[in-house]
Amino acid sequence: MKPTTALTRALLVPALALGALPAAVAQPAAADSGPPPPLDWKPCAQGADDALGKELDRAGARCAELTVPLDHARPGGRTIKLGLSRLPAADRAGRIGTLVLNSGGPGEPTLAMPLKTRAAMKDVAARYDIIGLDPRFVGRSTALDCGWPIGMWLRSPGRTRARFDHQAAVQRDLAERCARRHADVLPYVNTRDTARDVDLVRRALGERRISFLGYSYGAYLGAVYTQMFPGRTDRVVLDSAGDPGKWGPRATRGTEDEAERALRGWAAWAAERHGTYGLGATPARVLATVDAIVTAAEERPLRVGAYEVDEQAVPYILSNASGDDRPEARAEFASMVRTLNEAAHGRPAIPGPDFGDFLAFVLTSAGSPLANPSAAITCGDRAAPRDPDTYWHDIQRSRARHPLFGPLKNNLWPCAFWPNPPREPLTRVGNPTPALIVAATGDTATTYEGAKAMHRALTGSRLLTLRGTTAHGIYGEYGNPCVDAKVNAYLATGTLPATDQNCRP
C-alpha cells in the first residue's frame, strides 16, 4: 500500500547526490556490443484485479520484461527481471526519440508514470515513445522484501538516550532482517547498477541515445547515468535535483531550516482558517498546538484510530507532510494535525482515508515493499558511520537550534548496521552534459542550494527556478504553467535556454 501523493512528496530519502571517484574505476559500463536483449511487448494487465495494468492498456500502453544481470561484471551469471511500460509516439513521422522516466524515491515504482508525463508534455508527447521503468527490485521488477514489520524507517530519536538506544536497536533489526533474506543480493542494489540497467534498456529499445526525465532521487540517477555513459543522452530533465556531494545515508542533514520555514508557512495558512481547523488564530498559536502534540507524544503514544503514534514518529510525520504548499496539500496536513491534536487531548481521533493509509505505510508492514529497496539503494551507495554515539552527539548538538527537526534530520538509519559496505566507489558527478535542472527555492527535501550544486556539476546545464514555493516535484506535478511550458519547449526543440530561467507561482 502506498500513501497518497500529497502526503508522500518527500516520503522516501531526499534525492541529493554524492561525490567520489571517477565512474569507471571499479567496473566498466556496459558496452554497445553484441545483440540487444529482446523485448516482447504485451498487454500490461496481469489479471482481472490489476487496475494499474488495465489503466495502462486503456491508454494504449504496452508492457514488457527485460532480463538483466544481477552483477553487470558477470553478464553470464544470475539474472533479474525489470518491468517496463511504453506509450508509443503517435506522430511517428515527427518522432524525436525515447524518453525514459524515473519517479524517485529511491524505490518508487515508475511503470504508471508515462500516463501523467504524457499529459504534462501536451502536444510534444506525440513525438516520443515514453518509457516507465521499474528499477531493479521495485514494483514489477524482481522483488526485494526484507520482511520488515514497519515501512518507512525514518524516525526521530526521542528525548532520552534510552529512547535513542531502543530506536537504534530497531534499525539494527531492520538491517539484520535484510541480511538474513537477501545477503547475496544486497551488494547489487545501488544506483550504479541501476544506471547500467538503464543503458541495457536503451540498447533493448534500439536507441543510440535516450532522453531522460527524473524527479528527486530520479534526478540523481539521471546525473549518474550521464557520468557513467557519456554521449548516450539526448534531452535530460532533472526535476527537484539535489547536491551531487551529499547523497547517502546522512542526506537529510542540512535541511532543518527549510523544514522549519515550511512548517511556519503552513502555520500562517492554518491560522487564517482557524474557523475551519481550530488549530489557532495566529501562526504562533498554531505552532503552539504543534508543540503540544509533540509534548503529549513524548509522554505517551497517541492513539490515532488503530495506530499508536509515538514521539519518534510524530516529528517525521510533521516534517514529511508540511513540505507541500499547494492549497489541497495544506488542507490535508491541517486535517491531519487536527486529528493528532484530538489524540493529544485524549479524545477519539479517527484518521481520514489518506492519513490512515499514510500511517499504515509508515507504521506497519504495508510499507515494507517500497521501503526495503529504498533503504538498500541508499545503504548500497554510500557507507554510514557505524558507531551510534556519532549520531547521538550530532543529535544533541542539533537540539538547541532545531529542537523539533534537528534530531530527526541527524538520526541514524538502517545503513549504520548494513551487512555489507558499498561494492564500488561512489560516483563523482561532473561533466558537460546538457540538462535542464528544475528546482524550487523552498524545497524541503532537495534544497535549492543542492540544485545549484547539481547545476555547477553539470557544466552544460541550465537551472530553471520556481521561486516562492516549497514544491518538490514540479514539472507536470505542481501545476505551474511557466515551468511546464519551458520544459516542453526544451523537450520539443532540444535547445536549452541561453541563460538560467525563473518562474513564479
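These notebook entries record what I looked up in the structure.

**Basis.** I worked from a predicted model, in which local features need pLDDT of at least 70 and side-chain atom pairs count only at pLDDT 80 or more, while totals for chains, interfaces and linings use all residues. Residues are numbered from 1 along each chain as its sequence is written, and side-chain values use heavy atoms, with hydrogens and water left out.

Entry 1: I took helices (H or I, at least four residues) and strands (E, at least two) as DSSP runs numbered from the N terminus. Two strands pair if DSSP finds at least two bridges between them. Strand 1 (residues 62-69) and strand 2 (residues 79-87) are antiparallel, with 8 bridges. Strand 2 is also joined to strand 4 (residues 128-134), again antiparallel, by 5 bridges. I followed arginine 86 across both pairings: arginine 86 is the bridge partner of arginine 62, and the bridge partner of arginine 86 in strand 4 is isoleucine 131.

**Entry 2: backbone geometry.** I found a cis peptide bond between glycine 105 and proline 106, with omega about 0°. Proline 106 lies in the loop between strand 3 (97-102) and helix 2 (113-121). Phenylalanine 137, in the loop between strand 4 and helix 3 (161-182), has a positive phi near 70° although it is not glycine. Phenylalanine 137 counts as buried because its relative accessible area is 3%; buried means under 20%, exposed over 50% and partly exposed in between (1.4 Å probe, protein chains only).

Entry 3: Serine 216 is in the loop between strand 5 (210-215) and helix 5. Its phi is also positive, near 55°, and serine 216 is buried at 8% relative accessible area. Which side chains make polar contacts with that of histidine 472? I counted a polar contact as a pair of N or O atoms within 3.5 Å; within protein, one must be able to donate a hydrogen and the other to accept it, and residues adjacent in sequence count only if both atoms are side-chain atoms. The side chain of histidine 472 meets that of serine 216 at 2.9 Å and that of threonine 446 at 3.3 Å. Histidine 472 lies in the loop between strand 10 (462-466) and helix 16 (481-493), and is buried, with 7% relative accessibility.

**Entry 4: alanine 435.** This residue lies in the loop between helix 14 (406-409) and strand 9 (436-440) and is buried at 1%. Alanine 435 and glycine 460 are 25 residues apart in sequence, yet their C-alpha atoms are 6.7 Å apart. Beyond its neighbours within four places in sequence, the contacts of alanine 435 (heavy atoms within 4.5 Å) include Val236, Leu458 and Tyr490.

**Entry 5: the second largest pocket.** On a 1 Å grid over the protein atoms alone, a cavity is a set of points where a 1.4 Å probe fits but cannot get out; a pocket is an open set with protein on both sides within 12 Å along at least five of seven lines, and lining residues have an atom within 4 Å of a point. This pocket has a volume of about 390 Å³, a volume being the space filled by probe spheres set on grid points joined across faces, edges and corners. Its lining has 21 residues, with Asp291, Val294, Pro403, Leu404 and Phe405 nearest the centre. Helix 8 contributes the most, 7 residues.
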